[in-house]
Amino acid sequence: MIGVPLDHAMILCGILFSLGLLGLMLRRTLIFMLMSLEIMLNSTAVAFVAAGSRWLQPDGQIMFVLILTLAAAEVTVGLALVLQIHQRFKTLDVEVLSQMKG
Amino acid sequence: MLDLLFLVFMFPLAGFVILAFARGRLQETPAAIVGVGSIGLSALLTLLIGYEFLSTPLEDHAYTQLLWTWMSVDGFAPQFALRLDGLSLVMLGVINGVGFFIHLFASWYMRGDDSYDRFFSYMNLFVASMLFLVLGDNLLFLYFGWEGVGLSSYLLIGFWYKDPANGAAARKAFIVTRVGDTFMAVGLFILYHELGTLNIQDLMMLAPQQWAVGSDIATIAALLLLGGAVGKSAQLPLQTWLPDAMAGPTPVSALIHAATMVTAGVYLIARTHVLFELSPFALNCVGWVGAITLLMAGFTALTQTDIKRVLAYSTMSQIGYMFLALGAGAWGAAVFHLMTHAFFKALLFLSAGSVILALHHEQDIFKMGGLRKQIPFTFWVFLIGSLALIATPGTSGFASKDEILWLAWAGGHHDLFYAGLAGAFMTALYTFRLIFIAFFGQSHGHEVHVPHGLDHSLPLAVLAVFAVLGGLIPLPLESVLPHPHIASEDGKHALEAISVLVSAAGVAVAWFFFHKNRALAEKLARGNLISDALCRLWSSAWGFDWLYDRIFVRPYLWFIRVNGHDFVESFVAAVPVAFQRLHAAAAQSQNGRTRWYAVSMVAGAILMIAMVLL
């Protein structure tokens, strides 16, 4: 079976993950941070699928389904929170929202 | 029957628990029923067990009841076991028998006290601990009981805690005996380290196999145990707590500071006699500690004015006799004297208590006088106790004291014998000084309240009978303690005659100076510088309190003053300061900025991955 080599898939995952991470660290808007998290999750999911096809194991795809479910749950809660925050504070800027000091 | 042995100390323990939890809620009569009844049951059980034990001899003359294994750590598995043999049976009899009558008397003596049930809860705790001490199969449990009696002694000396002086006396007793206990604990550590067990029977079997006679390690172990015994039994040099312990109620003095607890040291040495036989030096020390204490306490008793302090010094002196006997290798005689002393000294203390209550808490003998006519019953029982104390022929004191003197002489310990003989003279002198001053002579016009009631008179009468006839009780000690080999009985009667003459001389001198011609005694005491100094030295108990104050208390207080801002504490105080700084730094990082959290999380993850990979 000829497919995409594992190295290429892993490099793609690395790039996606780094992009997500950078977005998480640099973006100030909550909704974009949430999207960056999604990108990071999906990059790992791709890594699982690629590794699964490299060793011809179904585990990678099973993990992908799991991650998908997880991401769906996370987004549900996250978006609900974002909506609430937006209603209450009329902004989604995390720098403005930094009120929970220890 | 024998398997009920554990109940012997469970009864007093249950009494303690009931009274301690019912604190303040029980009336006097139910409290007395619980407090005295528990000891009564225990005494009854002791009688039954003793009868069974003596009538059907066991194989090795001992009965061991294993209750459970306390813990099991790497070969160290102390068994919670009780052991009944001749020696512990004698001690059981003394503690429960004499203890019961003292409790009965106490139920009369303490009537009207605010914390009647608290008193009996402490007394029951004491009896339980003391029974634990003598029944323990293991030095560890013996030590447990040893500390338990120390605690109850502290609680009872400071029973009337509203007077700060009583609290100070209680603390003094606790701390001074603690010095001895520390020696004993170190001794136990050494024994366990060297022989690998604390079971008394195993120890006594292993020690002669592993240690040569006179070896250093045996001497050190024996001397450390002697240190514990000296502290508990108020012998030189840890004797200073006993006179102050008289601050407690009089039945306490009778039970703890005359009959039982203070003789625990004698029990300990008799129990571990094999160790002392391995070390002639330590055994000699025992004898000399006894002899010196016996004489010094005798002189001090001669100058005291408080009736209970006279008896306290007399107790110290009599325990000196027991130590002397131990030192001479007369183990059985020492235990015999322990028993007879418990009878007559408990009698003396209780009748002193009767006198004190009759005179509305007057303890100064020079304010008594002429009491013979006013409280005849108390006078007669006090006289019987005193006659036993000075070893009048026919009383129990004669049987035991002359046994000690004879064995000391026959065993070749002539110097100990002479010390004992001099002590006999002193005993007669101070005892009859007390009697002539307090019971004879002129009355001081006190309003005397004649004590009556069965709970007052019965204990005194029974103890008086025991003080006279107690010497006839045969002790089952042959299987436990070796009897010294005496070549011949020649001279025993001559010796008895000499000691009786010496005692009689003491009584005669007391009669001359303190009854017939008291002015002369006053003149002699205050006459010139030397006698004045001697009197002051004796009445301050040879200045030991002063000496210890200078050597230990003052330097310690000085050190505390100098080291007011504790040097060690500055290190300890640095720990919370460091944690406060760390806390402040960590709190800084929790700033509520989500992106900062994300960055630090990533940094942490990178750091950890780097640590794993590199």
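**Two chains of a predicted model**

Biologist: In what order do the elements of chain A run from the N terminus on?

Modeller: This is a predicted model, in which local features need pLDDT of at least 70, side-chain atom pairs count only at pLDDT 80 or more, and totals for chains, interfaces and linings use all residues. Residues are numbered from 1 along each chain as its sequence is written, while chains are lettered from A and ligands numbered from 1 in the order in which they are written. Elements are DSSP runs numbered from the N terminus, helices being H or I of at least four residues and strands E of at least two. From the N terminus on, chain A reads α-α-α.

Biologist: What is the radius of gyration of chain A?

Modeller: The radius is taken over C-alpha atoms, and the globule rule is 2.2 Å times the number of residues to the power 0.38. For 102 residues that rule gives 13 Å, and chain A is well over this, so it is more spread out than a compact globule. The value for chain A is 17 Å.

Biologist: What percentage of the residues of chain A count as buried?

Modeller: A residue is buried if 20 or more other C-beta atoms, placed from the backbone, lie within 10 Å of its own. Of the 102 residues in chain A, the buried share is 10%.

Biologist: How many helices does chain B have?

Modeller: Chain B has 614 residues, of which 49% are buried. Besides two strands, chain B has 26 helices.

Methods:
A residue is buried if 20 or more other C-beta atoms lie within 10 Å of its own, exposed if 12 or fewer, and partly exposed in between; C-beta atoms are placed from the backbone.
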